[in-house]
Every structure is written in structure tokens, then in C-alpha cells.
Amino acid sequence: MTCLGCLANIVSSFLPLFLVLVVTKILHKLWWAPARLQNLMALQGIKGPPYRLVHGNTEDISNIIKEAMSKPKSFSPSHDVLYVVQPHVHSWTKIYGKNYLQWHGSKAQLVITEPELCKEILNNKDKAYCKREPESFLKKLLGDGLVTTAEGEKWAKMRKLTTHAFHGELKSFQLFNLYLNH
């Protein structure tokens, strides 16, 4: 048998194993991991719309939005516009509670509408919730400023500069203005 024949035999024997591994990995990512995560969250009391293979809840969200857009809008004097802006969040919070799990494809998204819990998350004193680097198109659109800069030395400097504007401490800005005018 030639060396080329041996190589063909080896490749043909490993090809089915390779295909089984690929199919197993795909099934793990698209079915087993989401189902396991949904069960773990349900054990903790966090429920949500059921996971659908491959597309998650994106089709449900799209249908709810289309249905809401087809109805005439009547705004009340209250500031409750969630049913217009995000009708899926509005309807699912009624069904599953203030915090629920939804799916964007095979990616889980924990939706939190409880004000105290939102405040706790946004405080982030323990640095448990890291700020992601924004997409490149977003940086091009908004520039390289406080909003698009991830936490770091540059962000800390920009935050320190903008703190005065949000807290009404204008003394340093008045001194800066005097310096510019002279």
C-alpha cells in the first residue's frame, strides 16, 4: 500500500469522528447549554419565555412589536410608555415578573426592571459588572469620549472633568472661563 493510500485510510477513519464532534458541539451550544441555563435560572425563581432553537425569542419579540405597531396609540397623561417603546418587555413583565430571562439567539439576556436592583447594578462598587468596549461603528458615531471609553485611566480623567457639570460645582469652570477670556 502506498503512503497516499495510508493517508486516505487515516483521513476516512477520522472523518466520521470529526463530524460527530462537530454535531455534538453544535447541539451543546444551541440546545443543551440554553436549556440548562434556563433550568438553573428557573430554580432561582427567574422565569421567562421559553427558548426556541437557533433564534431564541427574537421571532416572538418581532411579532409582539409588529402587533403593537398595528394598533392605534393613545398616550395617557402618565409617563408609562413602555407598552409603546418596548411592548415585549411590557407584556413579559406582566407574565414573568419584573426580572425575567429572554433569549437573543442562543444568548441569554437577563432583563431587570426592578429600580433598586438596577441601581445596585449601575453602582458597580465591587467591579462585578465590567464595561464592554463599544463597537467600532459606535466609536465613530459618538467619538472617543466618556460614553465610548471603557473604564481606565482615560475614563477616570474624563469622569473627573464632567463631574462638575453634573453636580453644579462651577467655581473651577468660572476660573477656567476667566483664564480663557484674558
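Is Lys157 buried or exposed? Lys157 has a relative accessible area of 53% and is exposed, since the cut-off for exposed is over 50%. This is a predicted model.

**Salt bridges**

The count of salt bridges comes to 3.

| Nitrogen side | Oxygen side | N to O distance |
|---|---|---|
| Arg52 | Asp60 | 3.6 Å |
| Lys71 | Glu67 | 3.6 Å |
| Lys157 | Glu153 | 3.7 Å |

Lys157 and Glu153 both belong to helix 7 (residues 153-167), where they are 4 residues apart, about one turn of the helix. Glu153 is exposed, at 61% relative accessibility. In the remaining pair, Arg52 is partly exposed with a relative accessible area of 35%, whereas Asp60 is buried at 19%.

**Helix 2 and helix 4**

Asp60 also takes part in a helix contact. Helix 2 (residues 58-70) packs with helix 4 (residues 87-96) at an angle of about 105°, and their axes are 8 Å apart. Helix 2 is therefore roughly perpendicular to helix 4. From helix 2, the residues Asp60, Ile61, Ile64, Ile65 and Ala68 meet Pro87, His88, Ser91 and Trp92 of helix 4. The residues of this contact divide into 6 nonpolar, 2 polar and 1 charged.

**His90**

His90 is also placed in helix 4. With 19% relative accessibility, His90 counts as buried, because buried means under 20%. Leaving aside residues up to four places away in sequence, His90 touches Asp80, Leu82 and Tyr83.

How values were computed:
Residues are numbered from 1 along each chain as its sequence is written. This is a predicted model: local features need pLDDT of at least 70, side-chain atom pairs count only at pLDDT 80 or more; totals for chains, interfaces and linings use all residues. Side-chain values use heavy atoms; hydrogens and water are left out. Axes are lines fitted to C-alpha atoms, for helices over the stretch in contact, and angles run from 0 to 180 degrees between N-to-C directions. Helices (H or I, at least four residues) and strands (E, at least two) are DSSP runs, numbered from the N terminus. Angles under 35 degrees count as roughly parallel, over 145 as roughly antiparallel, 65 to 115 as roughly perpendicular and the rest as oblique. Contact means heavy atoms within 4.5 Å. Ala, Val, Leu, Ile, Met, Phe, Trp, Tyr, Cys and Pro count as nonpolar, Asp, Glu, Lys and Arg as charged, and the others, Gly among them, as polar. Buried means under 20% relative accessible area, exposed over 50%, partly exposed in between (1.4 Å probe, protein chains only). A salt bridge is a side-chain nitrogen of Lys or Arg within 4 Å of a carboxyl oxygen of Asp or Glu.
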